[in-house]
Amino acid sequence: MNRIELMQAARVGTYMGIAAGLALATAVAGESVMERLQQDAPNNWGKWGDDDQVGALNYLDAEQVLRGVAEVRSGRTFTLQVPMTHGHGPVFPGRTPPLHFMAHDQGMYLSGKSEPMPGGMKYSDDVAFIYLQGTTHVDALAHTWYGDYVYGGESPDSTIHGHVHGDVSALGEYGIVGRGVLLDVGRALGGENGRLAPDSCVHLDDIKATAEAQGVELEKRDILVLRTGSIPRFFDEDADTAWDAMTEPGLCYSRELVDWLDDMEIPNLVADNLAVEKVIQEIDGETVLIPLHGALMRDLGIVLTEIAWLEELADDSASDGQYTFLFTAAPLKMVEGSGSPVNPIAIK
Ligand code: UVW
């Protein structure tokens, strides 16, 4: 499958089609590209015990919470979730945006189907159909894999009818609190509009150059919050035709990036695009989709948070020069879930 075919498949929402095409290529080759790439890559399985379910979140101990708290100066807060709007939102191909329906509202009283409660109180109720990854969300560690294992060395069979290993409720139970650092790569290295161009790769050098341009020292165990400017493109008032799920800018795989994130003990990567990384990547002449999901999530247990809304935080940081904050996020305890909507809060 070439790149154009991949993009066409994705545009008609056939993520399955992409996967099937790549699986075919894999079957021909015998070993997947991911297995070959990651052969002697760093791996954190077993590092935190045999039954570990939260991976690199283990780095977020009480000391990291206090390091985050030490960054709070003004008390200003920034919520990082995109709005959940019926039928409208940026989602990975194959998913739908949230669908929201009123189950009970004033119409029930007007039509005589409901009576006010004794005393006169009335109420509304609603239900939603949502992909748990259909808005700003945290991925469970077993959400994506390659080869015969998910994070921790468990069988991918553990995902059938619900994740019995590495589910998102484990991340919800733990919580995500620490020192967050905004890396506004869009502003530092993008165009005049402060956004990276579609198809841009963010490399390790870009991360370091952005930190330097912002005058911020990256520290071990920081929660890295990467702004590319992609998701705002989706929400532009005049729809920006440049937004496309398959060409969003994002991190690109390299062994030096994987090694650095591991050495820095990064617990959680947060980004304003669909997948933290660029979806379609060319590595050593091969086309690979979402390779960092394999290298970071499946192998290192680094938690990924996607579709973050970072505009107000980024504007504020550019104006006061403070790119560090207390980062907090509480994934929902969806037992056996592969992901969870989340509304992280940055406190400066
Ligand atoms: C996939 O990569 C399939 O999903 P997400 O980007 O939500 O992790």
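Helices (H or I, at least four residues) and strands (E, at least two) are DSSP runs, numbered from the N terminus. Keep that in mind as you open the model, which is predicted: local features need pLDDT of at least 70 and side-chain atom pairs count only at pLDDT 80 or more, while totals for chains, interfaces and linings use all residues. Residues are numbered from 1 along each chain as its sequence is written, and side-chain values use heavy atoms, with hydrogens and water left out.

**Stop 1: helix α11**

Select residues 291–300, which form helix α11. Is α11 buried or exposed? Of its 10 residues, 10 are buried (under 20% relative accessible area; exposed is over 50%, partly exposed in between, with a 1.4 Å probe and protein chains only). That is why α11 is largely enclosed by the rest of the structure. Among the buried residues are Pro291, His293, Gly294, Met297, Arg298 and Asp299.

Glycine 301 follows α11 and has a positive phi, near 75°.

**Stop 2: the residue before α11**

Go back to isoleucine 290, in the loop between β11 (286–289) and α11. Its phi is positive too, about 40°, although isoleucine 290 is not a glycine. Most residues other than glycine have a negative phi. Isoleucine 290 is buried, at 13% relative accessible area.

**Stop 3**

Two packed helices are described by the angle between their axes and the distance between the axes.

Which residues meet, with contact meaning heavy atoms within 4.5 Å? From α10 come Leu257, Val258, Leu261 and Asp262, and from α11 come Leu292, Ala295, Leu296 and Leu300. Seven of the residues in this contact are nonpolar, none polar and one charged.

**Stop 4: α8 beside α10**

Leu204, Ile207 and Lys208 of α8 touch Glu256, Leu257 and Trp260 of α10. The contact has four nonpolar, no polar and two charged residues.

**Stop 5: the nonpolar cores**

A nonpolar core is a set of buried Ala, Val, Leu, Ile, Met, Phe, Trp, Tyr and Cys residues joined through side-chain atoms within 4.5 Å. The largest one has 66 residues, and those with the most contacts inside it include Ile176, Leu251, Leu261 and Phe327. Helix α11 gives the most to this core, with five residues.

Click on leucine 251 and look around. Leaving out residues up to four places away in sequence, leucine 251 touches partners including Val202, Ile207, Leu257, Val276 and Leu292. A second, separate core has 15 residues, including Ala245, Leu274, Ile290 and Trp309.

**Stop 6: two loop residues**

Valine 276 sits in the loop between β9 (268–271) and β10 (280–283). Its phi is positive, near 65°, in a residue other than glycine. Valine 276 counts as buried, at 3% relative accessibility.

Finish at aspartate 236, in the loop between α9 (230–235) and β8 (250–251). Aspartate 236 is partly exposed, with a relative accessible area of 23%. How far apart are the C-alpha atoms of aspartate 236 and tryptophan 145? They are separated by 33 Å, and the two residues are 91 residues apart along the chain.

Definitions and conventions
Axes fitted to C-alpha atoms, helices over the stretch in contact; angles between N-to-C directions. Contact = heavy atoms within 4.5 Å. Nonpolar A, V, L, I, M, F, W, Y, C, P; charged D, E, K, R; others polar.
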